[in-house]
Amino acid sequence: MTTVSVRAVGTATPAAVVALGVFSAVRGAGVLVLAVSAWWAGKSPVKVLGASWDSVWYLHIAAHGYGRTQMWSATGSVQSDYAFFPLYPYLVGLAGGTPAAALLIAWAAAALAAVGVYRVGERLLGQRAGLLLVALWAVLPHSVVLTLGYTEALLAACAAWSLYALLTGRWLWAAGLAVLAGLTRPTGIAVAAAVCVMALREVVVRRSRAPEVWAAGLLAPAGWAAYVVAVGVRVGDPLGGYFEVQRRWGSRFDFGGGALRSAEKVVTGGSVPLATTVTVAVLAAAGLLAVLLALDRMPLAVLVYTGVLMVITYGGAGFFDSKPRFLVPAFPLLLPVAAVMARARHGTAVVLTAGLAGLSYGYGVYLLLVAKVPL
């Protein structure tokens, strides 16, 4: 287990490199645990990591393009690959279209995200807290998705660097990364929202006439909007077609009604899988952290990004057990915890991080090799 040492920052090694090393060591150990467990269970580690659940859809898009539909008569679900945004499968296709290629893209994105997460944490709370933020992000219960053939790592990379660009006044970089985020996942609109709100504040409150501010505000949602409209045109309803595709998957916005019903089963002692119980606990913890984040008066861009991501996650119906995965890119939620840990003794931070890492590794194995719920 690699420790987070403030003394390491004082050496010749750049702090961002230390942050990347911390993330790589923590998640690399998680990959090793999962790979050994998969081998022990008689399964291919590469397939478990790079071709499980949604990864299968991404690989099919990478190899054959869009157009696959899968129907489930038992539930009435009609699953179309148009529900998946194009940037990640496009990159996987460029890298070869194999499970190994999917992992290569996901791991590269996770590395970029880790450095971006550190930069945001460093700017807001200092170097030690920035390193701890990366470590905490790497040991989340569902952080296993950062090393799977999934899109969360790519979204987190775009989001972290877009937020950093906003915090440092680089408007066009922020907008460009928001466009990429909008082409990565439906929740990528949260990045665009942060850019647009900040641009609007510059124009309305600060009376800015800078062309880059106006351009950023107009450009940021373009990636998300372009794909949503393109799918709509393809299915015959330019504005509502994409959302109909999602509805047929069982996903719709119900203002959290479905989530509350699932939480009620856990609270009242209903028979639910362990993954559902953990999901309720994670959502409750995330809600508390969101309150602390707001009370800490974090920058508006950070609050908007995190808030929009949480509204979409909490308010969406369908695939309840996947909600913690959707929140993995919401790394700013960990800022209050990183701030507290930065003031703690070095040994305390190490022991806590190591303990959380062990739990994360075990839960990752459970999700991919034991649980019967989609990740």
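**Before you start.** The model is predicted, so local features need pLDDT of at least 70, side-chain atom pairs count only at pLDDT 80 or more, and totals for chains, interfaces and linings use all residues. Residues are numbered from 1 along each chain as its sequence is written, and side-chain values use heavy atoms, without hydrogens and water.

**Select the whole chain.** Show it as a cartoon. There are 19 helices and four strands. Both are DSSP runs, numbered from the N terminus: helices are H or I with at least four residues, strands E with at least two. The C-alpha trace spans about 60 × 60 × 45 Å along its principal axes.

**Colour by burial.** Of the 375 residues, 51% count as buried. Buried means under 20% relative accessible area, exposed over 50%, and partly exposed in between (1.4 Å probe, protein chains only).

**Select helix 3 and helix 4.** Helix 3 covers 45-50 and helix 4 covers 54-64. Now pick Trp-53, in the loop between them. Is Trp-53 buried, partly exposed or exposed? Trp-53 counts as partly exposed because its relative accessibility is 40%. Check its backbone too: phi of Trp-53 is near 50 degrees, a positive value. Most residues other than glycine have a negative phi.

**Select helix 10 and helix 11.** Look in the loop between helix 10 (189-204) and helix 11 (211-219) for Arg-207. Its phi is also positive, about 55 degrees, and Arg-207 is not a glycine. At 66% relative accessibility, Arg-207 counts as exposed.
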